[in-house]
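This report covers a few selected features of one protein chain. The sequence and the structure are shown first.

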Amino acid sequence: MLGILIHEKEKLEIQYLLKREMDEILYDLQDVRIDQVVKRAMKERYKILFSLLTRVAPHNECVNYIISSKKKEGI
C-alpha cells in the first residue's frame with residue numbers, strides 16, 4: 001500500500017484528468033470502427049480509472065461515471 005499527500009488543488013486536478021480520460025474512453029466506445037479487442041482493453045482501463053476516481057472524488061461525482069448494465073450491452 002502506498003500513501004500520498006496532495007493539496008486540494010492537486011486533488012481537483014487529478015479528478016479533472018481522470019474524468020476527462022474516462023469521458024474520452026466512453027466516447028470512443030461508441031465508435032463502431034474500433035475493434036472489439038481494443039474496446040475490451042479500453043473497458044479494463046476505464047475500470048482502473050474509475051477505481052482511482054472513487055478514491056479522490058466525492059460519491060455524487062463518481063455516480064455519473066458508473067456504467068449501467070444497459071449501457072454495457074450497447075457499448
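## A buried lysine

Lys39 is buried but has no salt bridge. The nearest side chain of opposite charge belongs to Asp31, at 6.6 Å; a salt bridge would need a side-chain nitrogen of Lys or Arg within 4 Å of a carboxyl oxygen of Asp or Glu.

Lys39 lies in helix α2, which spans residues 36-56. When neighbours within four places in sequence are set aside, the contacts of Lys39 are Asp28, Leu29, Asp31, Val32 and Ile34. Asp31 is thus one of the residues in contact with Lys39, although no salt bridge is formed by Lys39.

## Confidence

The model is predicted. Mean pLDDT for the protein is 91, and 91% of its residues reach 70 or more. Among the elements, α1 has the highest mean pLDDT, 97, while helix α4 (residues 69-74) has the lowest, 55.

## A nonpolar surface patch

Three isoleucines, Ile4, Ile6 and Ile14, make up a nonpolar patch on the surface. Together they have about 270 Å² of accessible area.

Ile4 sits in the segment before α1 (8-29). Its relative accessible area is 70%, so Ile4 counts as exposed, the cut-off for that class being over 50%.

Pro58 is in the loop between α2 and α3 (59-62). Pro58 is classed as partly exposed because its relative accessibility is 37%, which falls between the limits of under 20% for buried and over 50% for exposed.

Twelve residues separate Pro58 from Tyr46 in sequence, and their C-alpha atoms are 18 Å apart in space.

Notes. Residues are numbered from 1 along each chain as its sequence is written. This is a predicted model: local features need pLDDT of at least 70, side-chain atom pairs count only at pLDDT 80 or more; totals for chains, interfaces and linings use all residues. Side-chain values use heavy atoms; hydrogens and water are left out. Patches are made of residues with over 30% relative accessible area and no salt bridge: like charges are joined within 9 Å, nonpolar side chains (Val, Leu, Ile, Met, Phe, Trp, Tyr) within 5 Å. Accessible areas come from the Shrake-Rupley method with a 1.4 Å probe; for residues, only the protein chains shown count as cover. Helices (H or I, at least four residues) and strands (E, at least two) are DSSP runs, numbered from the N terminus. Buried means under 20% relative accessible area, exposed over 50%, partly exposed in between (1.4 Å probe, protein chains only). Lys and Arg count as positive and Asp and Glu as negative; His and the chain ends are not counted. Contact means heavy atoms within 4.5 Å. pLDDT is the predictor's confidence in each residue, from 0 to 100.
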